[in-house]
Each structure stands twice: as structure tokens, then as C-alpha cells.
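Dear colleague,

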Amino acid sequence: MTVHSSTMTSAFSTSGGILPPAGYGGHDASIGVVSGPLIQSDSEFNDNDDTELYYVSWNQDYGCFAAGTSHGFRIYNCDPFKETFRRDLKSGGFKIVEMLFRCNILALVGSNANAQYPPNKVIIWDDHQSRCIGEFSFRSEVRAVKLRRDRVVVVLEHKIYVYNFMDLKLLHQIETLANPRGICCLSHHLNTSVLACPGLRRGQVRVEHFGLNMTKLINAHDSKISCLTLTMDGLLLATASLRGTLIRIFNTMDGTRLQEVRRGVDKADIYSIALSPNAQWLAVSSDKGTVHLFSLRVRVVGEDSSIDSPASTDFFSQNSSNSLDPLISPSTGANPGSSLSFMKGVLPKYFSSEWSFAQLHLQECTQFIAAFGSQNSVVIVGMDGSFHRCSFDPANGGLMVQQECIRFLKTETRARSSQLGRP
């Protein structure tokens, strides 16, 4: 790639206030600022029957989700469910739309059909000002964008770039194995800065603890990584491989494998993995059409701390790898195992596996991403334009009960153009 650089003088408006003017960065991406509005709403595109759904992704607290469509993007609130706003344009749609909690900043990447915003460019969009306040241009297609309050992370197929959100200065470059899915995940506590991504070897996960200036390489699977996610604090990592049969949970500080659960025996494409805010539950969706819920035996001490509370600050300043306690919650059930698990080491491995605690059956081969709602509930968004809310029994498990099912976009989604916002 050719190295480009340009000067930035922009301000980022967030729910926390106005950040200082930006500086500049030099690397193999071009950075620029656009001073005027770029996305213009067009009433012609309100509810066309030909609208296609390109992309869905949760915000960082699972309270909202973004949808990239063939005409623009839309933002939805989950509880109560409603469309918060939409932006439509004539030039084409967006294949990536990433939110930053509930503030007015979004990261956008255009679809192949977008005449104004190509898929090799990241737009930092301020919806309060209705204009683009910064952009990154690359020589290859952008596979994913991840945001936290102090970082912008851009994922290409073989490299990840980490920028400071305040001035868009390049901080880190990470090389990865071929990563066409854009697999990458960030922690979201203000006082822990953790990134997880595929390493340079098959089945390997690279964990960057930026605050500790520490890199941990975890040999998670024999096959290539297909999906991963972190807890909000970045202390726990959950991973799946292309086989899609086992989900493994690791301590990111020392790489210790803490638990292994089994989705099934047959190979499956894992669409999403979600960890509940209290690290008590894990949800997995796949192309088999079933959302599996697992009970975790490992919980984070101080699990009820809010993301930005002083209590959580004290917790992280006093604890490191010892802040993970292997506990079985007395208030919840355990994952069922095989009745032949006592013969572990003699029979094939799946006889000693932990199976899912609760399940929800949806349409097979439709892409769904799952997350956790409030009061023992799971929320699910599908690439068929559907939103689901279901509840589970934390003591007995079994089949989840669907509480809500809404079609938020009536569309015939084309499989080749659809994309899920993986954690």
C-alpha cells in the first residue's frame, strides 16, 4: 500500500461533550475531513418494496441496533421496540453501520453499489450535525469497523488499524491471518482497553491489552476462528471455529481455558456469540436456526458494576487475572451433560460435553445475531428483517418463550450481499 497523510481539523460531538480539535496521522490510509453535509435524505426512498437489508449490528450495550440498507441506514431501539431514525440517499446503501453506544457518532462503509461512498472508505458521521466529520480511505475493501469511546478500529482482510478517536492518529497496526469476515472485538469499559482478533496461525486468537502494553496469543482451536467476543471488561473471551461445534471461554490475562460448551455435533456456521453483562450466560446463533443459551461457571467479581461507575474503576485498579472466580451460581441451573459423562476419556469427547441450557428455534439458514436484554431475556435480529425477544427460565432452562416478534423491514434479502455485525 502507498502511504498517504493529510491534516485534520475536526471536532467530535458525543453525548459526553465536545472533543478537542484533531491533529493528523500518516500511514497507508488517507485521512480527510469534509466540511459540509454528505448524506441527504430523500423522501422517494421511504418504504420502497425493493429495499434490501445489507447489514445489522448491535450497539455496545445491546439497547439499540443499526441496519444498513440498499438506500441508507436505520437505527432501532429495542425496549420498547421502535425505529429511532433513518437516513436515505440516492447514491446507494451501506454495507457497514456501527454505532457508538447511543450517541450521535456512527461509522459507515458504503456498499459496492454506492456511487459516493466506496467499500474501501470509512466515514465518521455526526448525525447531530448531519455531516461527515472524518474519513479513512484504504487501498482494499474494509471488512469491519469497531468503535469505543476512545478508539476507532478498522479491519482489512490482512491488517487491523487502531486509531485514537480524539484526533484520528494511528496508534497500532496488527497483522492477521486472512480475515474476510472482519473478525474483531473490543472491550468497552473506559479503564480497560482490550482487543481480540485472529492471530497469524490457524485457530489462534491475538489479545491486545493496550493499557498494560501486553499481547497474549491463545491457541483456541484447531480450525480457523469463525467468531469471537469479549466481556465488557475484556477479561473473558469466547471463541468458535469454522467447525462450529464447540464454544470455548478463556481468561484473556493468562490464556487459560476456563470452560468448553458444545453447540452440537454437526458442523455449523456460527453467526454470533454474546456474553451477558454479568458474564453468567452465553448465547450462540448459527445457520442451524437455533439460538443456544449456556450457563457459565466463570463470573467476574463485581459483576453488577456499571460500565463507567467509580466502583468498576476501583475494581480494575485492584484486580488483574485474579479477578476471575470459577463459581457456579446458586440461582441458576447448570448446562446438561451426557448420562455417559462418567466415562470421560473412554468414549468420544462429545459424551462428556456440556450442552445448551436453553434453546430457541428459528428459521434455518437465516442469519441471526443474538444479544442479551433485561430480566432473563435474549434479543435477536435477523437478516430477514425480523426482531425477536424471548425469555428463558434461569433455574430450569429448556425451550425459550418468544415474547415479541416484529418485522422491521420487509425485504427479500440476497444472501450474497448480506452481512452480520460480528462482535
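**A buried loop residue**

Leu 409 counts as buried, because its relative accessibility is 5%, where buried means under 20% relative accessible area, exposed over 50% and partly exposed in between, with a 1.4 Å probe and protein chains only. Please bear in mind that this is a predicted model, in which local features need pLDDT of at least 70 and side-chain atom pairs count only at pLDDT 80 or more, while totals for chains, interfaces and linings use all residues. Residues are numbered from 1 along each chain as its sequence is written, and side-chain values use heavy atoms, with hydrogens and water left out.

Leu 409 lies in the loop between β36 (401-407) and β37 (419-420); strands here are DSSP runs of E with at least two residues, numbered from the N terminus. Leaving aside neighbours within four places in sequence, Leu 409 is in contact (heavy atoms within 4.5 Å) with Thr 51, Leu 53, Thr 69, Arg 74, Asp 384 and Gly 385. Of these, Asp 384 is 25 residues away from Leu 409 along the chain, and the two C-alpha atoms are separated by 7.8 Å.

**An open sheet**

Four strands, in the order β14-β15-β16-β17, form an open sheet with antiparallel pairing, two strands being paired if DSSP finds at least two bridges between them. β14 (144-148) and β17 (170-175) stand at the edges with a single partner strand each, so one side of each has no neighbour in the sheet.

β14 pairs with β15 (residues 151-155) over five bridges, and there Val 145 has Val 154 of β15 as its bridge partner. The hairpin of β16 and β17 has five residues between the strands, and in it Leu 168 takes a positive phi near 60 degrees.

**Two nonpolar cores**

A nonpolar core is a set of buried Ala, Val, Leu, Ile, Met, Phe, Trp, Tyr and Cys residues joined through side-chain atoms within 4.5 Å. The largest has 39 residues, of which Val 122, Ile 124, Phe 138, Val 142, Val 145 and Val 152 touch the most other members. Strand β11 (residues 105-110) gives the most to this core, with five residues. A second, separate core of 34 residues includes Trp 281, Val 291, Ile 369 and Met 400.

With best wishes
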